[in-house]
Amino acid sequence: MASPELESVARAICAAQDLTFHCHVGEGAFKETFQVSNDGVASALKVHRADVSVERASREIDAMTRCNHPNIARVSRIDQHTIGTESFLYSLEEFVGGGSLAARLAAQGLYAPTNIQRLGTLLIDAVSHIAARGLVHRDLKPENVMLREDGETPVLVDFGLVRDLSAPSITPSWAIHGPGTPRYAPPEQLLNEKALIDWRSDQFSLGVMLSYAVFNFHPYGGASESAVELVTRVSQRNGPTSRFRDSAHDAGLTSLPKMVSGWPVGRFRRPENLARAWASQERRS
């Protein structure tokens, strides 16, 4: 549900920019998203909360403008809108109309192992593109993967937690836990081990996401455990369970266990190594 304040801001932006307001689409930790249009062309209007760090919001938008990839949402406009004494940073992005991967899984069920191959290939390529720009998304999960109108082609969105490896970290070093969604985060994020965070952190999260899409359980999870127990297992770097390894082997998804290794050194070293391994796995399936 949209906050009355940010919806009011979104409507004011639409009035000022000759946009048509349609509806609230979703919300994150730092902003809310609304569907708008101009001359029949839909866009996603993302309005940042006034109390959000300007540096954090600026990094998100800068990261997205540095990317130019068919599986990463494109930004067409960045600006600020002032109401009274408060200024709200906002951006206009392409609107991806097929719903989220999370919604697709809820409505249609799990992917068959053979059908997950294309999804994995496209997302690996998007993560490779992000990595080549010295960026780490740090919040890969089904809610942050939108699908195009074909219902199958993924588009990465929400760079709100992006880490620019060439810039000083915003997360305090004294923080016990780093940012991210615990269920999908790698150990180095959960433990705020900044020196270990690089593109392989996104590789771990992508591996977890693909595992849920096929098996509906976490690589480190048992038959049943609380979220706290699961996060503890990941933080302790216990490694993927034998149940997961067997499931990945039987499904022909032999890259997945390496993608979710507890230590970055155990994962694929470079994006191209992961891409080759995933493609080879695809040819065998």
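Tutor: What follows takes the sheet, then the helices on it, then the cysteines.

This is a predicted model, so local features need pLDDT of at least 70, side-chain atom pairs count only at pLDDT 80 or more, and totals for chains, interfaces and linings use all residues. Residues are numbered from 1 along each chain as its sequence is written, and side-chain values use heavy atoms, with hydrogens and water left out.

Start with confidence. pLDDT is the predictor's confidence in each residue, from 0 to 100. The protein chain has a mean pLDDT of 90. In that chain, 93% of residues reach 70 or more. Confidence is lowest in helix 2 (residues 54-66), with a mean of 81. It is highest in helix 9 (residues 256-259), at 98. Helices (H or I, at least four residues) and strands (E, at least two) are DSSP runs, numbered from the N terminus.

Now the sheet. It is open and has 5 strands, in the order 1-2-3-5-4. The pairing is antiparallel. Two strands pair if DSSP finds at least two bridges between them. Strand 1 (20-27) and strand 4 (75-83) are the edge strands, each pairing on one side only. On average, neighbouring strands are turned by 25 degrees against each other, direction ignored. Axes are lines fitted to C-alpha atoms, for helices over the stretch in contact; angles run from 0 to 180 degrees between N-to-C directions.

Look at one pair. Strand 2 (residues 31-38) and strand 3 (residues 41-48) are joined by 8 bridges in the antiparallel sense. Val 36 has Ser 43 in strand 3 as its bridge partner.

Next, the helices on the sheet. Contact here means heavy atoms within 4.5 Å. Helix 1 (residues 4-17) packs on the sheet and touches strand 1, strand 2, strand 3, strand 4 and strand 5 (86-94). The direction of helix 1 makes about 130 degrees with that of strand 3. Helix 2 also packs on the sheet, touching strand 2, strand 3, strand 4 and strand 5. The direction of helix 2 makes about 20 degrees with that of strand 5.

Last, the cysteines. The structure holds 0 disulfides. A disulfide is a pair of cysteine sulfur atoms within 2.5 Å. Cys 14 cannot form one here because its sulfur is 11 Å from the closest cysteine sulfur, in Cys 23, too far for a bond. Cys 14 is buried, with a relative accessible area of 3%. Buried means under 20% relative accessible area, exposed over 50%, partly exposed in between (1.4 Å probe, protein chains only). Cys 67 is buried too, at 8%.
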